[in-house]
Structure formats: structure tokens, C-alpha cells
Amino acid sequence: MNFSPKAKMNDQNLYEELFSEQNYLKKPDKHGLYRSANNSVVAGVCAGIANYLHQDVKLIRLTTILLLILGWWVAVFYLVLAFMLPIEKNPKELSYEEHYQIEQENARTVFAGLLILFGIHFSLIELGIETSNNFFVLPNNFMIPVIAIAFSIFLFTNKFYSNYNLSEQKKSFRLIKKRKMFLGVCSGLSKYLSVDLTSLRIIFLILLFLTLGLFSIFYFMLYLFSKYEMEII
Amino acid sequence: MNKILIAISVFIWGFASLLNYFGVLDFSIENLTSIIMIAYGLSSTNLAFRQNNRRQLIISSTIFLLGILFIVKSNYEITETRSMVFVSIFLITASISILLYIENLSQKVFLYSGMILFIVGILLLKFMRELQITFLIYKTVNLFEIFWPIILIVFGLSILVSKNK
């Protein structure tokens, strides 16, 4: 830490610059606990907590989802925070592309988190560890619909940017040599459908296993009737 | 728009489940969920066609077809549900493939593969017993039933670890 008068002057200037009337309106609220206005899946609570604690939002979001294994109280606690916390007053202005990227990343995190959560939940059931059927004194049959209704209300009030890249969709299906693992069908399909390559490969493998390998017909059909993408040198 | 559709579907599901809980309506949750899946799948597929959104198209058509599968399963007594899973994979993939062809008529590859999968699915449905592969299907699905939570965890972790391409 530098406590010299010159450094103090610099700090003073920086402070004035940051909190001058014009700039203050543009700066995001970082000191209090707020719901995030431009990084939200349901209500922006996780992003708000991540901003407050200076942590990665992905980590906070994943932890929240995984905490659901302990009971539905986490969802209720989230909703209480969503109703109680104020929304960020001066959010950082993001471009349409940035919004879209944040949304895609959030979708990946939530999807992965839910898969892990269900995996752990059903593993516990397989091991004979029963989860509680009641939330405190209220039964799950009552609590889950209430949570679903609250969740839908927050979805209604959110702004999403899901259709950003529609004009950039590939016009034709081509196999891709560059990212291929076997014949390049999955990588081509993932580019054509704008879906995650790893997820697509795992889904293919599961379907292959469930159909005793017969699903490979689909894979080879796509390979036989398609061409490889031209490589730009 | 798709998020609004999800919100409406979740709201209707929650509201109807509450009414069911208080005894105003009387139906099983499985039935309600499959009806909501069918309704969401249909409207979302329509929306996906209008917006030329292929990813949404495959997700929503899968949800619609799974909804039909669940409603059939919950309303009718089917003795061999495991064989049903086996054939459904072919028929659902064939339907999605043909929908992808309808979305982009220049991509005949999806039409050919869809038609072949349909034929394979129908042939399997007809000759499954003669081929005597039912016991193999039972074994595979049993194995899957034991390990599917681990598959879910691995699936989730691989999405988290892999880079967004």
C-alpha cells in the first residue's frame, strides 16, 4: 500500500472520476447485494451473489443447483432472495452479442448442473438413501407446483436473446475433418444444428448402446450421403 | 418467445398440479406432464419452423414425441415397455430427421436417413420376436437402468469441462 501524498492525490482523482455525477450513473453497483440485470437465468440472484463475493458466477450457479440435493428449501430461499433483493440500478451496458454469449454459457452451466444433480439424486436412490418427501411440514406435491409457478413468473419477466445467431446458421450439412473423432458426422451435425459437440457425441453413444449398435445405421447414412467441408488454406 | 412458451407451460403445470392437490381436478401427474409436453412441443416446433431455429426444432419435436410416448405408456397397459424404448429411439430419430429435411429441403441426406430409420424401426417392431433379440434388449436396458445416474453425472461434467465451441 502506498500512503504518500501523491498517491493520495491520485486516489482522490480516481474517486472523483468514478463517482462524478455523470460517471456514477454508468458504473455498475458493486458494493451492495443486488440481483444482476444482465446476467440472469431466473432472477439474477446467483450473478448478484457472485458479483458481491467476487467469485465466478458459474461456480455460484452450479453450487446453488447442486444444493438442491439437500431439499427444496434452496429453491424457496432463492425465490425469497429474488423477491427481497433489489435489481441492479445501473447495469453495465452489454452488446447484443455479449448478452447472447452470456445466455449460452448460462444455459450450458444450468443444463450441466441439472444433469449432475439428477445423477446424484438417482444414485442416492439406487444406494437406498431416501430423500425427504416433505418440505418442512408441507408435502412436495404442494411445494413443487408453487415453486414452478414462481419460476414461470420470473421467466415471464426476464429478457432473453436466444435467437441472435439464426442468420448465421449453416445452410448445408457437411462433415468436418478438422474436428472429427471417427468420420466427422457428429462435428458436422453439431455445426449444422448449432448444438454442443460433446453433448451430441454422448447422446449418440447412449443411443448406440441402447439400440445394441443398430443406431450406427443413422451415423453411416449421414456419412454416405454427405460431403466433407472444404478446408480454407 | 420460446422462453415465454416454457414459462406458460411451467405455469399451467404448476397451477393444474395445485388444483389437483386441492382435489379440484383429478388426474395423474404423469398424464398432466405428458399433455403439457405435447402442447409445448407442438407450439415450440411451430415457432422453430417460423424462426428457422434447428436446435429448437430438434429439442421441441423430441419433447412432443416423448410426450406422446408417455401418454400412451400411462393410459394403456403395455407388457413390453423396454422393447418400446428400443423401437421409439428409431422412430423418434426418423421423425426428427424428416423434420430437418422439411426445414431445409436442399438437405436430402436427412430425408434418406429418416426414411431408412423409419423402415428399420417398423421392421424391428414387426419382427422383434422372430429375431429373438428381446432378451438382449432387456439386458441392455437393465444395465442402463443401473448405470444411468452415473451416465448423467459424466454427461454433466463433460459439458462443464469441455470448451464452448
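In chain A, helix α3 (residues 45–53) packs against helix α5 (residues 73–84) at an angle of about 75°, and their axes are 10 Å apart. That makes α3(A) roughly perpendicular to α5(A), a label for angles of 65 to 115 degrees. Helices here are DSSP runs of H or I with at least four residues, numbered from the N terminus, and axes are lines fitted to C-alpha atoms over the stretch in contact, with angles from 0 to 180 degrees between N-to-C directions.

Keep in mind that this is a predicted model: local features need pLDDT of at least 70, side-chain atom pairs count only at pLDDT 80 or more, and totals for chains, interfaces and linings use all residues. Residues are numbered from 1 along each chain as written, chains are lettered from A and ligands numbered from 1 in the order written, and side-chain values use heavy atoms, without hydrogens and water.

Back to the helices: A:Val45, A:Cys46 and A:Ile49 of α3(A) meet A:Tyr78, A:Leu81 and A:Ala82 of α5(A), where contact means heavy atoms within 4.5 Å.

Now for the two chains. Here 60 residues of chain B are in contact with 65 residues of chain A. Together the chains bury about 5500 Å², 76% of it on carbon and sulfur atoms; that is accessible area (1.4 Å probe) lost on being put together, summed over both. On the chain B side, B:Arg54, B:Arg55 and B:Phe155 lose the most area to chain A, together 12% of what that side buries.

Key: Helix = DSSP H or I, 4+ residues; strand = E, 2+ residues; numbered from the N terminus. Parallel < 35°, antiparallel > 145°, perpendicular 65-115°, else oblique. Buried area = accessible area lost by both parts, 1.4 Å probe.
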